[in-house]
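Please find below some notes on this entry, written for a colleague who has not seen it before.

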2 protein chains.
Amino acid sequence: MDIVSIYKCLCDRQRLRILNLLKDGPLCVCHLMEILGADQVKVSKQLRYMKELGMVDAERQAQWMVYRLADDQIPLLTENLKCLQDCAGEGVVFRKDLQKRKQLVKRLDAASPLRAIACHC
Amino acid sequence: MDIVSIYKCLCDRQRLRILNLLKDGPLCVCHLMEILGADQVKVSKQLRYMKELGMVDAERQAQWMVYRLADDQIPLLTENLKCLQDCAGEGVVFRKDLQKRKQLVKRLDAASPLRAIACHC
DNA sequence: TATCAATATGCATACGATGGTATATGCGGT
DNA sequence: ACCGCATATACCATCGTATGCATATTGATA
């Protein structure tokens with residue numbers, strides 16, 4: 001994959017937020033939607049975009065599609081993801097996303113352990 | 001400056017090449033044109049773009065405009081520039097650019113030391 | 001001041017990415 | 001077989017950004 005494609009992917013805030021979330025583990029589309037407060041189509045399209053680039057992998061779990069960072073990591077990507085939370089000013093958004101993620105996982109565990117497992121959180 | 005703007009800047013191959021060249025020291029527009037094999041308008045506009053972003057600074061030297069990486073480096077940018085030459089496959093382009101740069105400097109030194117100095121190469 | 005070289009800018013156009021709506025697919029449960 | 005939920009896709013409008021051409025600006029030199 002060429003460098004320019006990677007940077008093109010990174011130059012959208014929502015894609016960055018998604019990658020940042022997936023860095024902590026797989027998530028299904030509906031949970032991404034909830035955390036990001038975004039609509040289904042948008043999230044779905046961006047995931048497809050990143051899947052075609054080879055940045056993320058998708059796996060079906062019952063009716064959910066679970067997305068994760070691709071197994072064969074791209075060093076350039078990995079390095080850039082590392083520093084998202086430390087980014088001056090903007091790091092807040094990324095840190096908050098990860099907090100929301102934790103809350104979500106807790107809630108799912110309490111309400112329906114099975115579903116939490118199914119969704120790989 | 002926000003992350004997205006930085007990545008937007010990085011997602012153009014020619015801008016990357018320019019930044020890579022400036023990492024080794026200042027250059028004027030005509031030398032950039034020569035090394036990149038690009039036309040004046042394009043180079044000039046991309047430099048302006050990067051100047052407005054705060055990535056590069058410009059200084060007039062007689063009739064030449066000499067561009068350099070901005071004094072107050074942006075960490076995210078610095079880190080990304082570091083690995084350009086090592087990028088799988090594509091690193092070649094960036095390495096070749098730096099070679100061309102060296103040849104250019106040599107030639108200028110031989111032909112006209114004064115001009116070489118004026119152009120800060 | 002006329003002129004040339006180096007560089008910048010304005011404007012029109014084209015292209016690619018993005019967003020929205022509607023619709024399709026795939027799976028589980030009844 | 002049907003329905004509902006989760007997700008994907010097609011299609012179209014839109015908008016940002018790059019590109020090309022023409023022209024303006026700036027500094028040096030005669």
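**Notes on the contacts**

1. A side-chain N or O atom of A:Tyr67 lies 2.3 Å from a phosphate oxygen of DNA strand D. The model is a predicted one. A:Ser44 also reaches the phosphates of DNA strand D, with a polar side-chain atom 2.6 Å from a phosphate oxygen.

2. Of the atoms of DNA strand D within 4 Å of the protein, 64% belong to sugar and phosphate.

3. Which element gives the most residues to the surface near DNA strand D? Helix 4 of chain A does, with 5 residues. Helix 3 (29-36) and strand 3 (64-69) of chain A, and helix 4 (40-53) of chain B, each supply at least two. By type, the residues of this surface are 9 nonpolar, 4 polar and 7 charged.

4. Between the protein chains, 17 residues of chain A contact 17 residues of chain B. The buried area is about 1400 Å², and carbon and sulfur atoms give 70% of it. A:Ile3, A:Tyr7 and A:Cys11 supply 40% of what chain A buries against chain B, more than any other three residues.

5. Chains A and B share 2 salt bridges. One of these joins A:Asp2 and B:Arg13, with the closest N and O atoms 3.8 Å apart. Helix 1 of chain A gives the most to the side of chain A that touches chain B, with 5 residues. That side divides into 11 nonpolar, 1 polar and 5 charged residues.

Definitions and conventions
Residues are numbered from 1 along each chain as its sequence is written. Chains are lettered from A and ligands numbered from 1 in the order in which they are written. This is a predicted model: local features need pLDDT of at least 70, side-chain atom pairs count only at pLDDT 80 or more; totals for chains, interfaces and linings use all residues. Side-chain values use heavy atoms; hydrogens and water are left out. A residue is near a molecule or strand if one of its heavy atoms lies within 4 Å of it. A polar contact is a pair of N or O atoms within 3.5 Å; within protein, one must be able to donate a hydrogen and the other to accept it, and residues adjacent in sequence count only if both atoms are side-chain atoms. Helices (H or I, at least four residues) and strands (E, at least two) are DSSP runs, numbered from the N terminus. Ala, Val, Leu, Ile, Met, Phe, Trp, Tyr, Cys and Pro count as nonpolar, Asp, Glu, Lys and Arg as charged, and the others, Gly among them, as polar. Contact means heavy atoms within 4.5 Å. Buried area is the accessible area (1.4 Å probe) that two parts lose on being put together, summed over both. A salt bridge is a side-chain nitrogen of Lys or Arg within 4 Å of a carboxyl oxygen of Asp or Glu.
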